[in-house]
Protein chains: 2
Amino acid sequence: MAGRGLLLVISGFAGSGKGTICKELMQRYDNYAFSVSATTRDPRPGEQDGVDYFFIPKERFLEMIEAKELLEYAQYVSNYYGTPRKYVEEKLLEGKDVILEIECQGALQVKELFPEAVLFFVMPPNVQEIYNRLKGRGTETEEVILKRMKRGQEEAETIAKYDYLLINDDLNETVTRLHETVNSARNAAERNKDLVARIREEFVSFFKEHG
Amino acid sequence: MAGRGLLLVISGFAGSGKGTICKELMQRYDNYAFSVSATTRDPRPGEQDGVDYFFIPKERFLEMIEAKELLEYAQYVSNYYGTPRKYVEEKLLEGKDVILEIECQGALQVKELFPEAVLFFVMPPNVQEIYNRLKGRGTETEEVILKRMKRGQEEAETIAKYDYLLINDDLNETVTRLHETVNSARNAAERNKDLVARIREEFVSFFKEHG
């Protein structure tokens, strides 16, 4: 069942390891293409334009919204984040499975526009562990960590709308599971309407010959 | 995500190899239990009671319907076929993934009763191949083969209601794909409502402590 690739969305709680999962997926298998998001926020130390994000001015971002050059976008605090449409459509046509690592708000927009998209939500085994991982980084104040936990609580309200929930206990195992799930999704009846139509036509032709 | 097993339905066109797939699945992996159907038809040469089917008299079958001892049942020509409920429920509670190898009519009844069931429809690569495989057996007259093709055409009208379509080109590969799809299905959000509820409760508890 070749042809167009699948559109994949990967979201997750802070500290779920979703970024590492995407990197590992790209390294291990060659069927994936990673969509780089555009953002109006400033680059953090070490972040590269075109790799981590496309860093663009707010005016350009608003132009892109206007010109429908974004597949989805969302605003957090005073910054915009969005998915450039062109790269995604090109790669899907090439047969690549395109990964969007985006937040819940954008994920639900994508599902609305592309019901055949496959949505994954990655999480640590329990809520305490989200806090422990954020704390363990030692880079953020308690106040910021609690804000991110609050955000997590909001996200927990939308996870039931995802297709798959992945508990990331072991990176290698999670990446394998994700990859197998993508391959399974390719065989879903709802993603094979052409096959169903072809089989029906073939029966009609068969009975024209053997009728 | 342990606990209850999954209810699996495997249907397919005549000559799709669904029977062989089920046998291979049972031999390779130990998470499956195979549900033996009950039928009122006579055993064919080589068929064993309790292995291929439970062969029972029509009066007993009608009693079982009445006593709700069947998960689903269907009538073909003058014979009844059905799935005894007790075995299925016991095995699911033991955590086994229970395979029902049943026809479309029963499959849709199962999906109605158990929306969390996973339905697979197995098919050869094309319709001509169904005919070739039936012909190749050399056991049936052209008239019987054409009747089975007609039945296939009716089945083709329901395959879009299945969860997954599997083209059985290569037995080993199909069995692996089916097994991986079952494991993926375990992570579907709709089958993990308890997990979603637990995460939400844990956030509430977290903010009671850190509020």
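Is Lys68(A) buried or exposed in this predicted model? Lys68(A) is exposed, because a residue with 12 or fewer other C-beta atoms within 10 Å counts as exposed, and Lys68(A) has 8. This residue sits in the loop that links helix 2 (58-66) to strand 5 (70-76) of chain A. Its backbone is worth a look as well. Most residues other than glycine have a negative phi. Lys68(A), though not a glycine, has a positive phi of about 55°.

Lys68(B) lies in the loop between helix 2 (58-66) and strand 5 (70-76) of chain B. Its phi is also positive, near 55°, and it is not a glycine. Lys68(B) counts as exposed because it has 8 C-beta neighbours inside 10 Å.

Now consider how the two chains are related. Two copies of a chain are related by a rotation about an axis and a shift along it.

Next, take chain A as a whole. Chain A contains eight helices and nine strands. Along the principal axes, its C-alpha atoms fill a box of roughly 75 × 40 × 30 Å. Of the 211 residues in chain A, 36% are buried. Contacts within the chain can also be sorted by sequence separation. Among those between residues at least 6 apart in sequence, 67% join residues at least 24 apart.

Four strands of chain B form an open sheet in the order 4-3-6-5, with mixed pairing. Strand 4 (54-55) and strand 5 are its edge strands, each of which pairs on one side only. Strand 5 and strand 6 (residues 79-84) of chain B run antiparallel and are joined by five bridges. Ala74(B), for instance, has Tyr81(B) in strand 6 as its bridge partner.

Helices pack on these strands. Helix 2 of chain B lies across strand 3 (38-39), strand 5 and strand 6 of chain B, and runs at about 45° to strand 6. Helix 3 (residues 85-93) of chain B packs on the sheet too, where it touches strand 5 and strand 6 and makes an angle of about 25° with the direction of strand 6.

The last topic is the contact between the chains. Chain A and chain B each bring 33 residues to it. On the side of chain A, at least two residues come from each of helix 5 (127-137), helix 6 (142-156), strand 9 (164-167), helix 7 (171-185) and helix 8 (193-210). Helix 8 of chain A gives the most, with eight residues. Sorted by class, this side of chain A has 18 nonpolar, 10 polar and five charged residues.

One pair of helices shows the contact in detail. Helix 5 of chain A packs against helix 8 (residues 193-210) of chain B at an angle of about 55°, and their axes are 8 Å apart. The two helices are therefore oblique to each other. Val127(A), Gln128(A) and Tyr131(A) in helix 5 of chain A meet Ile199(B), Glu202(B), Phe203(B) and Phe206(B) in helix 8 of chain B. The residues of this contact are five nonpolar, one polar and one charged.

How values were computed: Residues are numbered from 1 along each chain as its sequence is written. Chains are lettered from A and ligands numbered from 1 in the order in which they are written. This is a predicted model: local features need pLDDT of at least 70, side-chain atom pairs count only at pLDDT 80 or more; totals for chains, interfaces and linings use all residues. A residue is buried if 20 or more other C-beta atoms lie within 10 Å of its own, exposed if 12 or fewer, and partly exposed in between; C-beta atoms are placed from the backbone. Two residues are in contact if their C-beta atoms, placed from the backbone, lie within 7 Å. Ala, Val, Leu, Ile, Met, Phe, Trp, Tyr, Cys and Pro count as nonpolar, Asp, Glu, Lys and Arg as charged, and the others, Gly among them, as polar. Axes are lines fitted to C-alpha atoms, for helices over the stretch in contact, and angles run from 0 to 180 degrees between N-to-C directions. Angles under 35 degrees count as roughly parallel, over 145 as roughly antiparallel, 65 to 115 as roughly perpendicular and the rest as oblique. Two strands pair if DSSP finds at least two bridges between them.
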